[in-house]
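I opened this notebook to record what I looked up in one protein model. The entries follow the order in which I consulted it.

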Amino acid sequence: MSVSRRLVKELISDLPLGSVNFAFAYGSGVVPQENERMEDKMVDLVLCTKDPQAFHADNLQQNPSHYSFLRMLGPATITKLQQSTAKVFYNTQIRTTSGRLIKYGVISEQDLKTDLLDWRWMYIAGRLQKPVVDVIEPTADIATWIGQNRLSALQASLLLLPTTFTYQQLFEKLVGLSYKGDFRMIIGEDQGKIAKIARGNADRLEEVYAPLLQADERVSVQNGNVLQDASTPAIYHRLNLLPYEYHTQVVTRLMINWNREHKTMIDAEEVLFALARRHDVADHIERTISTIVRDSSLKQTAKNALSAGVLRSIKYSSEKLIKWGKSIQKAKEETKGE
């Protein structure tokens, strides 16, 4: 069971929330993962604000200790730094009055919209494809963008799956989308994280995505298995439903390769139709999303180290590496036991 909204909202009660029109908590500190204790974890949050500079100005007045040396540069400079890469500014390892550690990111409403609808950075979009705890309910517009993001995630996952699959396989594809290309999955993250999230949140994932599947006339559920239409028209349809930025990168990449090989020029519609007929369409989708995630995760991690400061970065990274080492050791032990 996820942590209640009331309990999480108490953790951010010392923050200036006047300009915040959506806030959510995510990660293992609030959403269950298989065989993990939530009460031992730091709580990760994202605050969406109409005015980032006003938020940072107020927060610097109320909570200057939340910031690293960057606080000396003022709210305008902090906001400019926020506008780089994945458009999020994080304060981490913050001890609340209740004693619980939190990490909170700040993003503007416009940048949230861009990521949810276009998958420009696949950063906050990826977090909102998985179960979260809404701390401050989204506005009607934001709720619509979140719904579209999840529909896009379903389309991408279906393109990565075979004709017949289980709900568990679908959930692992959905959860894994935003980890493709993320260097932290190579070093720094629990190697079994995707499966743990999918299994620990199966009920909530089904609650979100089962209605979307039922509304898809190209999908049917029989005896616990999901069957999808894998014909060329069906794949072409799904490709056209991918987010704009993601869609554009797929088309551009395929167009370059196609034209180089055939010494010709074809338009976007022809490129998508050509991709729909290829047996390796899933490989093209995976490579494209990996490119988006790899770029944003690398740059955002570097920015997070700057915003956290040296000591907090070392502490946070050390904890991640210890957890990663334990997951590697566990995987080895499980392999030996088979």
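The entries below go from the whole chain to sheets, helices, one lysine and the salt bridges.

**Entry 1. Overall content**

I note at the outset that this is a predicted model. I looked up the secondary structure and found 14 helices and 8 strands. The protein has 338 residues, of which 50% count as buried. I then turned to the contacts with a separation of 6 or more, and 70% of them are accounted for by residues 24 or more positions apart.

**Entry 2. The sheet of five strands**

I asked in what order the strands of the 5-strand sheet lie. The order is β3-β4-β2-β1-β5; the sheet is open and its pairing is mixed. At its edges are β3 (89–95) and β5 (133–136), each of which pairs on one side only. From one strand to the next, the twist averages 25°.

I next examined β2 (residues 43–49) and β4 (residues 101–108), which run parallel and are joined by 7 bridges. For T49, I recorded S108 as the bridge partner in β4. Helix α2 (residues 52–62) packs on this sheet, where it touches β1 (20–26), β2, β3 and β4. The direction of α2 makes about 145° with that of β4.

**Entry 3. The sheet of three strands**

I found another open sheet, with 3 strands in the order β6-β8-β7 and antiparallel pairing. Its edge strands are β6 and β7, each pairing on one side only. The twist here averages 30° from one strand to the next. Between β6 and β8 (residues 225–228), which run antiparallel, I recorded 3 bridges. T164 has L227 as its bridge partner in β8.

**Entry 4**

I asked which residues of helix α7 (residues 167–176) are buried. They are Y167, L170, F171, L174, V175 and G176. I kept a general point beside this list: an α-helix has 3.6 residues a turn, so residues three or four places apart point the same way. The buried residues of α7 pack against the helices α6 (140–160), α8 (193–200) and α9 (202–214), and also against the strands β6 (164–166) and β7 (219–222).

I made the corresponding check on helix α12 (residues 268–276), in which V271, L272, A274, L275 and A276 are buried. The elements that cover these residues include α10 (232–240), α11 (244–262) and α13 (281–308).

**Entry 5. Lysine 87**

I located K87 in the loop between α3 (74–82) and β3. I asked what the nearest side chain of opposite charge to K87 is, and how far away it is. It is D111, at 5.0 Å. K87 is accordingly buried yet without a salt bridge. I did find that the side chain of K87 reaches the backbone oxygen of Q83 at 2.5 Å. Leaving aside neighbours within four places in sequence, the residues in contact with K87 are Q82, V106, I107, D111, W121, Q300 and K303.

**Entry 6. Salt bridges**

I asked how many salt bridges the count comes to. The count is 9. I looked up several of the pairs individually.

- D118 pairs with R120, their closest N and O atoms being 3.6 Å apart. D118 has a relative accessible area of 18% and is therefore buried, while R120, at 34%, is partly exposed.
- R218 and E217 meet through their side chains at 3.6 Å, N to O. R218 is partly exposed at 23% relative accessibility, whereas E217 is exposed at 70%.
- D280 pairs with R278, with 3.0 Å between the closest N and O atoms. D280 counts as buried because its relative accessibility is 15%, and R278 counts as partly exposed at 31%.

I also recorded that K173, K180 and E286 are joined into one network by salt bridges that share partners.

Technical notes:
Residues are numbered from 1 along each chain as its sequence is written. This is a predicted model: local features need pLDDT of at least 70, side-chain atom pairs count only at pLDDT 80 or more; totals for chains, interfaces and linings use all residues. Side-chain values use heavy atoms; hydrogens and water are left out. Two strands pair if DSSP finds at least two bridges between them. Helices (H or I, at least four residues) and strands (E, at least two) are DSSP runs, numbered from the N terminus. Axes are lines fitted to C-alpha atoms, for helices over the stretch in contact, and angles run from 0 to 180 degrees between N-to-C directions. Contact means heavy atoms within 4.5 Å. Buried means under 20% relative accessible area, exposed over 50%, partly exposed in between (1.4 Å probe, protein chains only). Lys and Arg count as positive and Asp and Glu as negative; His and the chain ends are not counted. A salt bridge is a side-chain nitrogen of Lys or Arg within 4 Å of a carboxyl oxygen of Asp or Glu. A polar contact is a pair of N or O atoms within 3.5 Å; within protein, one must be able to donate a hydrogen and the other to accept it, and residues adjacent in sequence count only if both atoms are side-chain atoms.
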